[in-house]
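Please examine the sequence and the structure shown here before reading the briefing. The points after them are grouped by topic.

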Amino acid sequence: MEHATKFYIDGKWVEPASNATAHLINPATEEVFATIAMGSAEDVDKAVKAARRAFPAFSKSSVEERIHLLQKIEAIFLRREREIAETVTQEMGMPISLSTTGLLDWCKVHTAATIEILKNFQFAEKLGTTTVYKEPIGVVGLITPWNWPIGQIFTKILPALATGCTMVLKPSQLTPLDAIILAEIMDEAGVPAGVFNLVNGEGRVVGEAISQHPDIDMVSFTGSTRAGIQISKSAADTIKRVVSELGGKSANIILDDADFDTAIESAVANCFFINGQACDAGTRLLVPRTRLEEATKLAAAAANANVLGSPADPKTTLGPVMNANQFARVQELIQTGIDEGARLVAGGTGRPEGIEAGYYVKPTVFSDVKPGMTIYREEIFGPVLSITAYEDLDDAVRIANDTVYGLAAHITGKNMDTIRKLSRELRAGSVFVNSPDWDPKAPFGGYRESGNGRECGEYGFTEFLEIKAVVGHG
Ligand code: NAD
């Protein structure tokens, strides 16, 4: 790729300040397939200066100008979408059947929703004798993970552009290539120089420099709770706003009146989404005690029905996990599940049979998982489902809320009165009822250690805005 060893700063592809590089490894083959430049604090500083210079003009651009820009980005994205999907599949092993559908759709529906919201968004409102203005917060630092790579980037660049902020993006060092394509799209779309800047590199170097930079006004971060804590600490000295979308250990409650055949199949698919690496996945399946055996059998069968193989093959439903570290961690957690007495009913440790290379994990299901077990508590980030029995609805709520996280919860059942009541009891930022389609206008974010703030839709705009009260304005 032409721009892999460059950064996009001030509307140009530039040489990095140092000559540090890193190899990218295809998780399905364990082979090196590209080399990228790794940035430094100096590169970040250059990018921040460019973003700061661009801010006065861009923050005053009209809504019409910004809508026009978003429409141009949308059109170029559509031209390059297949290439983006293939790049993501190579970078992080997402099955091509998902990268060419759900991932691209995510970018498209969020762009369309952003344009629609922007058309009607009130950047000023009257309140008593005051006019309240909602103004772009300034230069924003965007730090994104590898698991939904371009998708996460879109949920940050869209509100930044829509509200008139300028930005410095640091994508995951494991998935930088789709971000480079995005920078090429921004360039071709005519995004003014300095409005969008891209610096690749390590979290503890480039991410840290962004978090600490005195001239960055806000950091929007998606990733692990571990990194979220560090970013919040680093940002504290300059009182930056930090919006953080972090990890989860979400419950999926199957009610007694659900159709178990379809409910359990879709619960397993939800847990194994993106090769078991979705932040809001229902990784703890909660079923009525009287239906535990039935649910266990169905879940094991659904897990075993997965097609493992090359993510580039359209038949593949489950690809590898991201890298060797992630593979080792998932193996260790599966072994811990066994050691702590959970009942292994599908999968287990070791590579799946017939697979010689790649970070593939056997689709794994544990039943009789008890509160307190490690696999009940910790985010695993691999295709591992835990099933826990509940006695009654109060018990289901108690178990669902028994976590330091609070990103999402899922409920499947028929009685909508019960579902509505239950959804109000759950301490989670999103409650998904009966596996709904994604709603790009719904706010997304977590309670507790799953983060602060909300992305997407109109709520997502507000994170990028400062509030100014002009009192006595009439
Ligand atoms: P990660 O935290 O390791 O990395 C995410 C990003 O942060 C990367 O760009 C990384 O380079 C950077 N980073 C790491 N340490 C940093 C530091 N000290 N300072 C600044 N930046 C730093 O996460 P990951 O492994 O890329 O992604 C998986 C995690 O992301 C999971 O925990 C998952 O639940 C979470 N996630 C959350 C959401 C959400 O919306 N809540 C969405 C997707 C993923």
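Predicted model: local features only at pLDDT ≥ 70, side-chain atom pairs only at ≥ 80, totals over all residues.

Residues are numbered from 1 along each chain as its sequence is written, and side-chain values use heavy atoms, with hydrogens and water left out.

**Contacts with the ligand**

- The ligand is surrounded by 29 residues, each with a heavy atom within 4 Å of the ligand.
- The closest of these residues are Thr 144, Gln 173, Ser 224, Leu 246 and Glu 379.
- Ser 224 has a polar side-chain atom 2.6 Å from an oxygen atom of the ligand, and a polar side-chain atom of Glu 379 also lies 2.6 Å from a ligand oxygen atom.
- For Trp 146, the distance from a polar side-chain atom to an oxygen atom of the ligand is 2.8 Å.
- The protein buries 92% of the 840 Å² that the ligand exposes when taken alone; these accessible areas come from the Shrake-Rupley method with a 1.4 Å probe.

**Make-up of the shell**

- Two or more residues of the shell around the ligand come from each of α6 (203–212), β10 (218–222) and α7 (225–236).
- Helices (H or I, at least four residues) and strands (E, at least two) are DSSP runs, numbered from the N terminus.
- The largest contribution to the shell is that of α7, with four residues.
- By class, the shell holds 12 nonpolar, 12 polar and five charged residues; Asp, Glu, Lys and Arg count as charged, Ala, Val, Leu, Ile, Met, Phe, Trp, Tyr, Cys and Pro as nonpolar, and the others, Gly among them, as polar.
- The ligand lies between domain 1 (7–246 + 449–471) and domain 2 (251–439), because both give residues to the shell; the domain bounds come from an automatic or database domain assignment.

**A strand pair**

- Strands β3 (residues 21–26) and β4 (residues 31–37) run antiparallel and are joined by six bridges; two strands pair if DSSP finds at least two bridges between them.
- Ala 22 stands opposite Ile 36 in β4.
- The two strands, β3 and β4, form a hairpin with four residues between them, and Glu 30 in the turn has a positive phi of about 65°.

**Database record**

- UniProt, in an unreviewed entry, lists residues 13–470 as "domain: Aldehyde dehydrogenase"; such annotations may be inferred rather than shown by experiment.

Conventions: Polar contact = N/O pair within 3.5 Å; in protein donor to acceptor, adjacent residues only side chain to side chain.
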